[in-house]
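This report goes through one protein chain, from its overall fold to single residues. The sequence and structure are shown first.

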Amino acid sequence: MFGHMQTFTDHYLKLLELTGYSTASAENIPFQYQSESEAAELRKLRQTYDLEKAAGSGDELSRIINLMKWVGQKLKHGDVPAPDPCHALHVLEHVQQTGARMNCYAIATVLNEAYLSLGFRSRRVFCRSYDPYDPDSHVVTAVFSESLRKWVYMDASWSHFVTDDQGILLSPEEFRYRLGQRLPVRLNGNPESSDWNEFYLSYMAKNLFWFMTPLHSEYNAEAVRPSKTYCVLLPEHFEPVEMKQAPPENVSVIVSRSPLHFWSPPAVHVADKETAPAK
């Protein structure tokens with residue numbers, strides 16, 4: 001099908017509806033999330049761009065949304081190659097100097113590193129389609145909300161988050177499920193429909209078929225970790241064409257068919273235990 005076609009929306013939704021995951025038990029996936037105490041670059045990013053101010057002084061969810069919107073205002077989306085190197089300090093400085101647009105991968109990377117710099121657990125999420133001949137995909141950022149006790153979907157490429165009809169933020173998996181079940185999904189909590197809203201939901205219905213995320217969420221991950229591990233979440237009885245071929249020498253892949261494990265809450269970091277207030 002070679003990319004998104006809105007006339008195929010019902011097809012995309014049907015695929016989401018008819019595909020499920022394994023209910024068999026599986027081992028926990030050892031995801032790791034870098035803290036600002038572990039990376040001088042994260043501290044520099046937070047201080048250089050005053051990200052505490054950008055996030056605001058409100059509750060956790062308002063800070064998560066404000067930071068996503070801040071990145072969306074700084075970086076405008078375009079179908080262009082990601083810069084090299086692709087980390088937040090370089091991307092933000094490059095855009096400030098040249099006015100260049102950035103692709104979804106670069107924007108999701110900047111937002112991920114911004115979240116990490118403020119102590120949030122977050123990861124880049126590659127959203128992929130069912131069609132093996134579709135070269136198009138989308139990259140977003142998932143950030144763990146302690147107040148909701150779940151991952152929430154943030155797309156700084158278009159300054160979007162998604163909610164249910166009660167205004168509750170959705171995770172990527174909940175977004176996928178609600179589309180497949182034809183349940184209400186609202187962009188930025190707005191109940192009004194528009195051509196753009198319909199396009200975006202159709203586009204993501206295509207791209208929420210399976211997910212991929214790096215095992216290690218850290219600053220400038222592509223450069224600092226020569227050997228990379230990715231984890232993929234696949235529906236039962238589905239195997240992407242890419243998975244039928246041996247990965248590159250420096251890449252390994254963990255395959256999960258359990259959203260319970262793929263979207264498990266992050267483990268408590270040692271530094272968090274040390275700095276937690278006494279009860």
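## Contacts and overall fold

In this predicted model, 62% of the contacts between residues at least 6 apart in sequence join residues at least 24 apart. The protein chain holds 11 helices and 10 strands. Its radius of gyration is 18 Å, close to the 19 Å that the globule rule gives for 279 residues, so the chain is as compact as a globular protein of that length. Along the principal axes, the C-alpha atoms fill a box of roughly 45 × 45 × 40 Å.

## Surface and charge

Of the 279 residues, 53% count as buried. The accessible surface of the chain is about 13,900 Å², and carbon and sulfur atoms contribute 52% of that area.

The charged side chains number 27 positive and 34 negative. The centres of these two sets lie 3 Å apart.

## Cysteines

How many disulfides does the model contain? The count is 0. C104 takes part in no disulfide, and the nearest cysteine sulfur, in C127, is 8.8 Å away. A disulfide needs two cysteine sulfur atoms within 2.5 Å. C104 counts as buried because its relative accessibility is 12%, and the limit for buried is under 20%.

The closest cysteine sulfur to that of C231 also belongs to C127. The distance is 14 Å, which is too far for a bond. C231 is buried, with a relative accessible area of 0%.

Strand β3 contains H138. Is this residue buried or exposed? H138 is buried, at a relative accessible area of 2%.

S258 is 120 residues from H138 along the chain, and the C-alpha atoms of the two are separated by 21 Å.

## S217 in strand β8

S217 is part of strand β8, which covers residues 216–217. With a relative accessibility of 4%, S217 counts as buried. Which residues does S217 touch, not counting those up to four places away in sequence? They are Q32, Y33, Q34, N112, L116, S122 and R123.

## Y130 between β2 and β3

Y130 sits in the loop that runs between β2 (122–128) and β3 (138–145). Its relative accessible area is 41%, so Y130 is partly exposed. Apart from neighbours within four places in sequence, Y130 is in contact with L15, K206, F209 and F238. E173 is 43 residues away from Y130 along the chain, with 16 Å between their C-alpha atoms.

## D59 between α3 and α4

The loop between α3 (51–55) and α4 (60–74) holds D59. D59 is exposed because its relative accessible area is 51%, and exposed means over 50%. Between D59 and S147 there are 9.3 Å from C-alpha to C-alpha, although the two residues are 88 apart along the chain.

## Backbone exceptions

Most residues other than glycine have a negative phi, and most peptide bonds are trans. The following sites depart from this pattern.

Where is a cis peptide bond found? It joins D84 and P85, with omega about 5°. P85 lies in the loop between α4 and α5 (88–98).

D50 is a residue other than glycine with a positive phi, near 45°. D50 lies in the loop between α2 (40–48) and α3, and counts as partly exposed at 41% relative accessibility. R182 also has a positive phi without being glycine, here near 60°. The loop between α7 (172–180) and β6 (186–187) contains R182, and this residue counts as partly exposed at 43% relative accessibility.

Terms used:
Residues are numbered from 1 along each chain as its sequence is written. This is a predicted model: local features need pLDDT of at least 70, side-chain atom pairs count only at pLDDT 80 or more; totals for chains, interfaces and linings use all residues. Side-chain values use heavy atoms; hydrogens and water are left out. Buried means under 20% relative accessible area, exposed over 50%, partly exposed in between (1.4 Å probe, protein chains only). Helices (H or I, at least four residues) and strands (E, at least two) are DSSP runs, numbered from the N terminus. The radius of gyration is taken over C-alpha atoms; the globule rule is 2.2 Å times the number of residues to the power 0.38. Contact means heavy atoms within 4.5 Å. Accessible areas come from the Shrake-Rupley method with a 1.4 Å probe; for residues, only the protein chains shown count as cover. Lys and Arg count as positive and Asp and Glu as negative; His and the chain ends are not counted. The place of a charge is taken as NZ of Lys, CZ of Arg, CG of Asp or CD of Glu.
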